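Visitor: I would like to learn how to read a two-chain model. Could you take me through it, feature by feature?

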Amino acid sequence: MLLSKQKRYLSGSDWVINTLDHLMKATTGVGNLSQVVLLLDAPLDESEVRNRLNAFVKQFLVLQGQVSRDLKLAPYWKIPARPGRDISLTVLNAEGLLSRESILALFEKSANTPFHDDKEHLAFHLFKDAERCLLAMAFDHRIFDARGAELFLNLFQQNMNDGSPAASGDITFTSSAALTQWSKKFLAGRTVNRRIIALSKSSPRALPIPRDGAASQRYHLLSFDQQETAHIYDRAYTEAGYLMESPYLLSVILQCVHELFATKQEDGSSYLIPVTTDLRPNKEPLQEMFFNYVSYLFYQVPAGEVADRKGLIALLKQQMYDQVKSGFPKDLAEASLLTRIAPLPLLGKLLHLPMKGKMATFAFSHLGKSSYQQPLFMGKKVLELFHMPRVPVPPGLGFFSNYYNGRLNLVISYLDGLLRDDEVQMLDRRIREGFGLGRPS
Amino acid sequence: MTIQEIENTLIQGIASISNQDASAVSPDKPFHELGIDSLGFVEILVFIEKTFKLQLIASDLTKKDFETIHSLASYINTRL
């Protein structure tokens, strides 16, 4: 076990995220970037935001690290001894109240802007008018997963609440090259291989990737107020059972995507959906804020079994149960350790082999209750919080939901050209109807 | 097995799944207040199957059965 302030070995999950980052840079020019967005009830002062965030972020030298590899073959995150550049903050002052369309266009622009270099992993965007503002923290997924990003903002606000100087970011990371217990890793690898081979027997339906379009990311936000959210959760309980929001949300989304495919002539007899799961051990809160603690569940649903909601929910629940029971998410994380020896370009190609280039139909994640537990951010009330991740290509399509302050938000993230505007509107309308809601949000 | 023994076993399992100290897991708190999501809940159901040989994923569990660890222990007791 290594205890170091300058070096933190990457886990298998980290290496999967690094591979996706490499693939996304190759296919879209921008890496595995996401944004966590706060909508505030009043504008923030630009210089205060810049000064406070800069002072806070600079304490965490890990945020200016980069991937390196030592003689032991295991890749690690090399952390500098001194802070480097100031944070990147772009500010836009709008004259009128920002419309939803203009907000999404702004976030599409920031999502499609790569970091300056391989040592920059955070950037902030402040969009404001006279009445409110939006603050987005764009982050490199190699340094934070979605929950980690929320925890980071939460820690920032906690420090604001306490009136204390920023928390010490001088972290001694505990990590391991994990070059032992090979039989455990190979056994996990065997389980994962068998699962992937089973999944690859049926070619998944996937939307065709536009060949000549711009490789930029587009977003659509479905925002539900507290009453609507309570209604959705109530239906989740009635239709799927206690605490079964995730399979319920996925069932509604999958039915809508199925409807979309009904208008297309795409090959494939089933839908394949990788779903992110959180394996965070919750033992070292400061350390676990950084890097990745995610694994995946894979749902495979024959197209003929999507229309019946009750049957679909039962199928999703059973697949979830079977994968958890067999320990698949943990096996995947363990087996991923073996992949760290492979260079990223090679690993990127290997990832495409089992499904002949069709890696999934879409990605899905339900983050659940937010880890940002503050009602305020820098003194302003937080009205909404949502995530806007880029999606690997393929599949170039993802649905990401989260819950904050009694409100559910659902973001559709898609590659430009993958969906037409009327198809996005159809998904919006049908998802709302699927939740038993009629009027637009 | 008594209800108390079932309850203690559940507390140990849930503490392990949610990475909390067993003393922090209150038998009178609803599961959703223990910070358990869909995945954590399924892990608990798997734990129940492995420990008590009861498969509950497809059963008609109600919110009331999961209101607290105590009520779940009572439910399991009726099924054993």
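**Reading the model**

Guide: Start with contacts, where two residues count if their C-beta atoms, placed from the backbone, lie within 7 Å. In chain A, 78% of the contacts between residues at least 6 apart in sequence join residues at least 24 apart. In chain B, 56% of the contacts between residues at least 6 apart join residues at least 24 apart.

Visitor: What should I know about the model and its numbering?

Guide: This is a predicted model: local features need pLDDT of at least 70, side-chain atom pairs count only at pLDDT 80 or more, and totals for chains, interfaces and linings use all residues. Residues are numbered from 1 along each chain as its sequence is written, while chains are lettered from A and ligands numbered from 1 in the order in which they are written.

Visitor: How many helices and strands does each chain have?

Guide: Helices (H or I, at least four residues) and strands (E, at least two) are DSSP runs, numbered from the N terminus. Chain A has 12 helices and 17 strands. Chain B has 3 helices and 0 strands. Its pattern along the sequence is α-α-α.

Visitor: What radius of gyration would a compact globule of 441 residues have, and what does chain A have?

Guide: The radius is taken over C-alpha atoms, and the globule rule is 2.2 Å times the number of residues to the power 0.38. For 441 residues the rule gives a value near 22 Å; chain A has 21 Å, which agrees. The C-alpha trace of chain A spans about 60 × 55 × 45 Å along its principal axes. That of chain B spans about 25 × 25 × 20 Å.

Visitor: How do I read burial?

Guide: Count neighbours. A residue is buried if 20 or more other C-beta atoms lie within 10 Å of its own, exposed if 12 or fewer, and partly exposed in between; C-beta atoms are placed from the backbone. In chain A, 45% of the 441 residues are buried. In chain B, 32% of the 80 residues are buried.

Visitor: Why is strand S11 of chain A called largely enclosed?

Guide: Strand S11 (residues 270–278) has 8 of its 9 residues buried, so the rest of the structure largely encloses it. Pairing needs at least two bridges found by DSSP between two strands. S11(A) pairs with strand S12 (residues 294–302) of chain A in the antiparallel sense, over 9 bridges. A:Asp278 has A:Val294 in S12(A) as its bridge partner.

Visitor: How do I check a helix?

Guide: Compare spans. The expected span is 1.5 Å times one less than the number of residues. Helix H1 (residues 12–28) of chain A has 17 residues and should span 24 Å; its end C-alpha atoms are 24 Å apart, which agrees. H1(A) is mostly covered, with 13 of its 17 residues buried. A:Gly29 follows H1(A), and its phi is positive, near 85°.

Visitor: Which residues does B:Leu45 touch?

Guide: Leaving out residues up to four places away in sequence, B:Leu45 touches A:Tyr321, B:Leu56 and B:Ile57.

Visitor: How many residues does each chain bring to the contact between them?

Guide: Chain A gives 20 residues and chain B gives 17 residues. On the side of chain A, helix H9 (309–326) and helix H7 (245–262) each give two or more residues. H9(A) gives the most, with 7 residues.
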